[in-house]
Amino acid sequence: QVQLVESGGGSVQAGESLRLSCAVSGSIASTDCMGWFRQAPGKEREGVAIIDTYRTTRYADSVKGRFTVSQDTAANVLYLQMDSLKPEDTAMYYCAATRWATATAIRTPSIFPYWGRGTQVTVSS
């Protein structure tokens, strides 16, 4: 069974950086889609960045140019490099995985069956 464990969150000032990691255990196929989602209190979960079945990356408009998603398939780790953080980035960040999917999955977190417990990111102005 697939397990995802996020780490790397914390409290930072606006303009600073964080790198989130998601350790993956269990079988992950090359056709799997993985991504990062976030949820702020009182708001719905939203897609942040994704690597789809074809290794295409896609980002939410709000983070383009600031965030970079990558993965180390050998080590089974998914990363999210977050630069130039803004207070509006404050949220619980989750990594997720599903089987075959295209990058449009960033719009529909409900299709992801595997989720981590989340790591909190807080950005102060």
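Morning, everyone. One caution before the details: this is a predicted model.

Let me start with the rings. The structure holds 5 aromatic pairs. I will take two of them.

The pair of Tyr54 and Trp100 is edge-to-face. Centre to centre, the rings are 5.9 Å apart, and the angle between the planes is 90°. Where do Tyr54 and Trp100 lie? Tyr54 is in the loop between strand 5, residues 46-51, and strand 6, residues 57-59. Trp100 is in the loop between strand 9, residues 91-98, and strand 10, residues 114-115. So the pair ties together parts that are 46 residues apart in sequence.

Now accessibility for that pair. Tyr54 is exposed, at 54% relative accessible area. Trp100 counts as exposed too, at 52%.

Next pair: Tyr94 and Trp115. Their ring centres are 6.3 Å apart and their planes meet at 80°. Edge-to-face means over 60 degrees, so this pair qualifies. Tyr94 sits in strand 9 and Trp115 in strand 10. They are 21 residues apart, and the pair links distant parts of the chain.

Buried or exposed: which is Tyr94? Tyr94 is buried, with a relative accessible area of 13%. Trp115, at 25%, is partly exposed.

Phe37, Tyr94, Phe112 and Trp115 make up one aromatic cluster.

There is also a charge to note. Arg45 places its charged end over the ring of Tyr94, 3.9 Å from the ring centre. Arg45 lies over the face of Trp115 as well, at 4.6 Å from that ring's centre.

On to the cores. How many residues does the largest nonpolar core have? It has 27. Trp36, Phe67, Leu80, Met82 and Tyr93 have the most contacts inside it. Several strands give two or more residues to this core, among them strand 3 (18-25), strand 4 (33-39), strand 7 (67-72), strand 8 (77-82) and strand 11 (119-124).

Take Tyr93 as one example. Setting aside neighbours within four places in sequence, Tyr93 is in contact with residues including Trp36, Phe67, Leu80 and Met82. Its contacts also include Glu6, Arg38, Gly118 and Thr119.

A second, separate core has 9 residues. Phe37, Ala101, Ala105 and Phe112 are among them. Phe37 and Phe112 also belong to the aromatic cluster with Tyr94 and Trp115.

That is the picture. Questions, please.

Note on methods. Residues are numbered from 1 along each chain as its sequence is written. This is a predicted model: local features need pLDDT of at least 70, side-chain atom pairs count only at pLDDT 80 or more; totals for chains, interfaces and linings use all residues. Side-chain values use heavy atoms; hydrogens and water are left out. Rings of Phe, Tyr and Trp (its six-membered ring) pair if their centres lie within 6.5 Å; planes under 30 degrees apart count as stacked, over 60 as edge-to-face and the rest as tilted. Helices (H or I, at least four residues) and strands (E, at least two) are DSSP runs, numbered from the N terminus. Buried means under 20% relative accessible area, exposed over 50%, partly exposed in between (1.4 Å probe, protein chains only). A charge sits over a ring if NZ of Lys or CZ of Arg is within 6 Å of the ring centre and within 35 degrees of the ring normal. A nonpolar core is a set of buried Ala, Val, Leu, Ile, Met, Phe, Trp, Tyr and Cys residues joined through side-chain atoms within 4.5 Å. Contact means heavy atoms within 4.5 Å.
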